[in-house]
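Please open the model in your viewer and keep the selection panel at hand.

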Amino acid sequence: MAGFATALNIWFHYLHLSRWTIYNWVGLGIPLRFIAKPSLDRPLHKHQRWLQAAMKILIKTPKDCTPEELTKFNQLVLLGGQVEPNGLGDRILNCRLLGLCFINNDLVGVSAIKQPIETKTKRIKERAKVHNVTIPQFELGYSVTKEEFRGQKINSSLNDKLLEEIDKNETVYATTNNDAMRNFLTSRGFKRLGESFEGSFNIILDYYEKTLK
Ligand SMILES: CC(C)(COP(=O)(O)OP(=O)(O)OC[C@H]1O[C@@H](n2cnc3c(N)ncnc32)[C@H](O)[C@@H]1OP(=O)(O)O)[C@@H](O)C(=O)NCCC(=O)NCCS
């Protein structure tokens, strides 16, 4: 029965309906709440337990992805609106790892470990006025969660799993203008270095870096 209630939860969320509204409509509020407690006692958008259970996270190399996964990854990155569309497919194929989060077979979040060429990384560090000698081999990026699923730890879960796959002592950097990403990076020990700088698309970016332990 609890499994049935969880399935209903996921379906209702998919339709963007409040569970309270649904239970009032169908008159099952008390029994369902009793059986499936505690997963039903708060409005769905604030609750994460059921979402965590429904989430399917895949961490794959690009060559292990299906063409459909690559296409969906590409589309979601474009939805984030912060990348140059020309050549994006090739740049995705060049990533070290891709992270994909599905809910009900819908791709709701993506992130990646990129392997930028050294000259690009050097240029970014120069623009950020970061003068340490490290040239990180990896960049955490292509992080996008569909708007209606934001704030549910989807990006944090993807990034944690991606970073777990990278060898210790490797240095990873990220540039961002996004508060959720800033919070993720600082809470995981990334240090903000240098100065804010102007990126493409007229956004002001901050540079973060961490050597994995
Ligand atoms: C950045 C983005 C991917 C975050 O996705 P998300 O799934 O909502 O992120 P999470 O829910 O995992 O939250 C990430 C962290 O930020 C915090 N956070 C979530 N929403 C936040 C907000 N609106 N403001 C500040 N912090 C926030 C979370 O607490 C979490 O930190 P924690 O893991 O230390 O607790 C999403 O906002 C997005 O797609 N933005 C548009 C594209 C973009 O700007 N991408 C960033 C490119 S670098």
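Begin by selecting helix H9, which gives the most residues to the shell around the ligand, six of them; helices here are DSSP runs of H or I with at least four residues, and strands are runs of E with at least two, both numbered from the N terminus. This is a predicted model, in which local features need pLDDT of at least 70 and side-chain atom pairs count only at pLDDT 80 or more, while totals for chains, interfaces and linings use all residues. Residues are numbered from 1 along each chain as its sequence is written.

Now show the whole shell: 21 residues surround the ligand, the closest being Thr145, Arg150, Asn155, Ser156 and Ser187, where a residue counts as near if its C-beta atom, placed from the backbone, lies within 6 Å. Two or more residues each come from strand S4 (138-145), helix H8 (154-164) and helix H9 (179-187).

Next, select helix H7 (residues 118-127), in which Thr121, Ile124 and Lys125 are buried, that is, with 20 or more other C-beta atoms within 10 Å of their own, whereas exposed means 12 or fewer and partly exposed lies in between, with C-beta atoms placed from the backbone. Looking down the axis of H7, you will find these buried residues within an arc of 100 degrees, so they line one face of the helix; the arc is taken from the directions from the helix axis to the C-beta atoms. Turn to the other side of H7, and Thr119, Lys120, Lys122, Arg123 and Glu126 are exposed.

Finally, display the whole protein, which has nine helices and seven strands and in which buried residues make up 29% of the 213 residues.
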